[in-house]
Amino acid sequence: MSEQTPPMRRRERLRAETVREIKTIALAQLADAGPGAISLRGIAREMGMTPRALYSYFATRDDLITALTGGIAASLADAVEAARDAVPAGDTGGRLLAWALAMREWSLANPEGFRLFYGDPIPGYQPPEDGPVEAASRRICGGLTHLVADAWPRAAPLQPQEVTWADFPSPFLAKVQDGDGEVPPGAAALALRVWGRMHGLLTLEIHGHLRAVTHHPAALYRADMLDLIRSLGLTPPG
């Protein structure tokens with residue numbers, strides 16, 4: 001007879017629900033007044049708790065931001081990796097398109113999370129070097145870079161200049177060189193440009209700047225991603 005996981009105890013369930021509520025209010029503070037507005041005391045006041053009671057969940061504001069951002073980043077990493085892996089490994093263009101479209105879908109479903117992860121730095125906050133935010137960032141940055149490296153044999157002749165590893169800061173190198181397979185420095189530089197294209201229209205859409213210029217932002221984004229894939233010397237999906 002196989003062992004079964006015991007149901008979550010009532011106290012554990014209530015704690016998990018409280019943590020979710022704390023994170024939801026923190027994201028609302030972010031949406032209303034920017035990243036610097038996240039406040040444990042403000043959250044406690046809105047929840048009808050004392051600050052001391054709230055500190056039993058998150059001892060500091062930075063602990064809350066780390067947990068919040070780490071969960072957001074991991075959710076995004078899960079989404080883009082699942083979309084990529086649903087496409088056959090040999091179809092690099094299809095995998096890149098799936099990654100981009102999954103990023104857009106996730107971002108539209110989680111606009112506050114997108115702003116927290118990719119927006120302005122939070123005043124006074126420095127994420128832990130080996131914390132959940134860094135782990136998820138490595139998955140996202142490394143995953144996209146390795147996708148572009150798969151396209152590199154065709155894309156390389158189309159690139160304008162030579163680059164070396166000396167052109168990159170060490171934290172970025174740690175992200176792109178972490179994982180299986182060699183990544184040429186030129187492919188890493190190209191991946192940064194690909195990342196910029198993927199985020200460009202998406203950032204405009206998240207911040208509401210496309211509403212006045214198009215009724216079809218999804219079609220605009222897809223067309224831009226197909227053009228991007230062609231610029232890498234790849235055949236875009238049909």
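Biologist: How many helices and strands does the protein have, and what makes a stretch a helix here?
Modeller: The protein has 10 helices and 0 strands. Helices are DSSP runs (H or I) of at least four residues, strands are runs (E) of at least two, and both are numbered from the N terminus. From that end, the elements read α-α-α-α-α-α-α-α-α-α.

Biologist: What kind of model is this, and how are residues numbered?
Modeller: This is a predicted model, in which local features need pLDDT of at least 70, side-chain atom pairs count only at pLDDT 80 or more, and totals for chains, interfaces and linings use all residues. Residues are numbered from 1 along each chain as its sequence is written, and side-chain values use heavy atoms, leaving out hydrogens and water.

Biologist: How do you know what confidence the predictor has in the protein?
Modeller: Look at pLDDT, the predictor's confidence in each residue, from 0 to 100. The protein averages 89, and 95% of the residues score at least 70. Where pLDDT is low, the predicted coordinates should not be read in detail.

Biologist: Which elements have the lowest and the highest mean pLDDT?
Modeller: Helix 8 (residues 170–176) has the lowest, at 82. Helix 5 (residues 92–109) has the highest, at 97.

Biologist: Why is helix 5 called roughly parallel to helix 9?
Modeller: Start with how such a pair is described. Two packed helices are described by the angle between their axes and the distance between the axes. Helix 5 and helix 9 (residues 185–206) pack at about 20°, with axes 11 Å apart. Axes are lines fitted to C-alpha atoms, for helices over the stretch in contact, and angles run from 0 to 180 degrees between N-to-C directions. Under 35 degrees counts as roughly parallel, over 145 as roughly antiparallel, 65 to 115 as roughly perpendicular and the rest as oblique. So helix 5 is roughly parallel to helix 9.

Biologist: Which residues of helix 5 and helix 9 meet?
Modeller: In helix 5, they include Leu96, Trp99 and Met103. In helix 9, Met198 and Leu202 are among them. Contact means heavy atoms within 4.5 Å. By class, this contact has 8 nonpolar, 2 polar and 2 charged residues. Ala, Val, Leu, Ile, Met, Phe, Trp, Tyr, Cys and Pro count as nonpolar, Asp, Glu, Lys and Arg as charged, and the others, Gly among them, as polar.

Biologist: What makes Ala151 count as buried?
Modeller: Ala151 has a relative accessible area of 1%. Buried means under 20%, exposed over 50%, and partly exposed in between (1.4 Å probe, protein chains only). So Ala151 is buried. Ala151 is in helix 7 (residues 132–155). Leaving aside residues up to four places away in sequence, Ala151 touches Thr92, Leu232 and Leu234.

Biologist: Why is Ala212 called exposed?
Modeller: The relative accessible area of Ala212 is 76%, so Ala212 is exposed. Ala212 is in the loop between helix 9 and helix 10 (217–231).

Biologist: How do you know that Glu105 counts as exposed?
Modeller: Glu105 has 60% relative accessibility, so Glu105 counts as exposed. Glu105 is in helix 5. Between Glu105 and Leu201 lie 13 Å, C-alpha to C-alpha, and the two are 96 residues apart in sequence.

Biologist: What share of the protein's residues count as buried?
Modeller: Of the 238 residues, 43% count as buried.
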